[in-house]
Amino acid sequence: MDRRTNPAAGTDPLLQLTDAPILPTGPSATRHLTHPQDLALRGIPVMCSACCARRDWLLINHGRNVWVICRCGNQWLEPEITRADFDALIFFPDGTVYPSIDQALAALGFDGTFAGTYLD
Ligand SMILES: [Zn+2]
């Protein structure tokens, strides 16, 4: 929620704290990170089987599983990426919380809209 839309919060720091977004944490959270660079698993670069893209991924972690999502919308479960690997990659979580995976994919441009494109 945008704080500016909540006039009750005003400039009171305590009220603003209660209005802060709650980031998903814990083992059942679904987390995401964008990975603009290429990604090598055991020395082998990841490549999309649908469009042959070699970088600009979205990674989604839920439980022990990590999925790789391509700009073309292709996605697959990647058993080579563990939750620990994901934790090591997530240096700067953007803190955005999406109501659903589908809405996250659309908002981040991984719903196929940018198929064949690297956005950087
Ligand atoms: Zn692709």
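## Start with confidence

Color by pLDDT, the predictor's confidence in each residue on a scale from 0 to 100: the chain has a mean of 82, and 76% of its residues reach 70 or more. Now select residues 1-9, where the pLDDT is below 50; beyond near neighbours in sequence, this stretch has ten contacts in the model. A contact here means two residues whose C-beta atoms, placed from the backbone, lie within 7 Å. Among the elements, helix 1 has the lowest mean pLDDT (52), and strand 6 has the highest (97).

Two notes on bookkeeping before moving on. Residues are numbered from 1 along each chain as its sequence is written. This is a predicted model, so local features need pLDDT of at least 70 and side-chain atom pairs count only at pLDDT 80 or more, while totals for chains, interfaces and linings use all residues.

## The whole chain

Switch to cartoon. You'll find three helices and six strands, running α-β-β-β-β-β-β-α-α from the N terminus. Helices (H or I, at least four residues) and strands (E, at least two) are DSSP runs, numbered from the N terminus. Of the contacts with a separation of 6 or more, 48% are between residues 24 or more positions apart.

How much of the chain is buried? Buried residues come to 13% of the 120 in the chain. Buried means 20 or more other C-beta atoms within 10 Å of the residue's own, exposed means 12 or fewer, and partly exposed is in between, with C-beta atoms placed from the backbone.

Two strands count as paired if DSSP finds at least two bridges between them. As a reminder, strands of a sheet pair through backbone hydrogen bonds, either parallel or antiparallel.

Zoom in on strands 1 and 4: they run antiparallel and are joined by seven bridges. Click Asp-38, and you'll find its bridge partner, Arg-55, in strand 4.

Next, slide over to strand 4 (55-62) and strand 5 (residues 65-69), an antiparallel pair with five bridges. Asn-61 has Val-66 of strand 5 as its bridge partner, and His-62 stands opposite Asn-65 in strand 5. The two strands form a hairpin with two residues between them, and Gly-63 in the turn has a positive phi of about 60 degrees.

Not counting residues up to four places away in sequence, Cys-48 touches Ala-53, Cys-70, Cys-72 and Asn-74.

## Out to the loops

Select Arg-42, in the loop between strand 2 (40-41) and strand 3 (44-45). Arg-42 isn't a glycine, yet its phi is positive, about 50 degrees. Is Arg-42 buried or exposed? It counts as exposed because it has 5 C-beta neighbours inside 10 Å.

Cys-52 also has a positive phi without being a glycine, at about 70 degrees. Find Cys-52 in the loop between strand 3 and strand 4; with 10 other C-beta atoms within 10 Å, Cys-52 is exposed.

Finish with two prolines. Pro-27 is in the loop between helix 1 (13-18) and strand 1; its C-alpha atom is 9.9 Å from that of Asn-61, 34 residues apart along the chain. Pro-79 is in the loop between strand 6 and helix 2 (83-89), and is 9.1 Å from Arg-64, C-alpha to C-alpha, with the two 15 residues apart in sequence.
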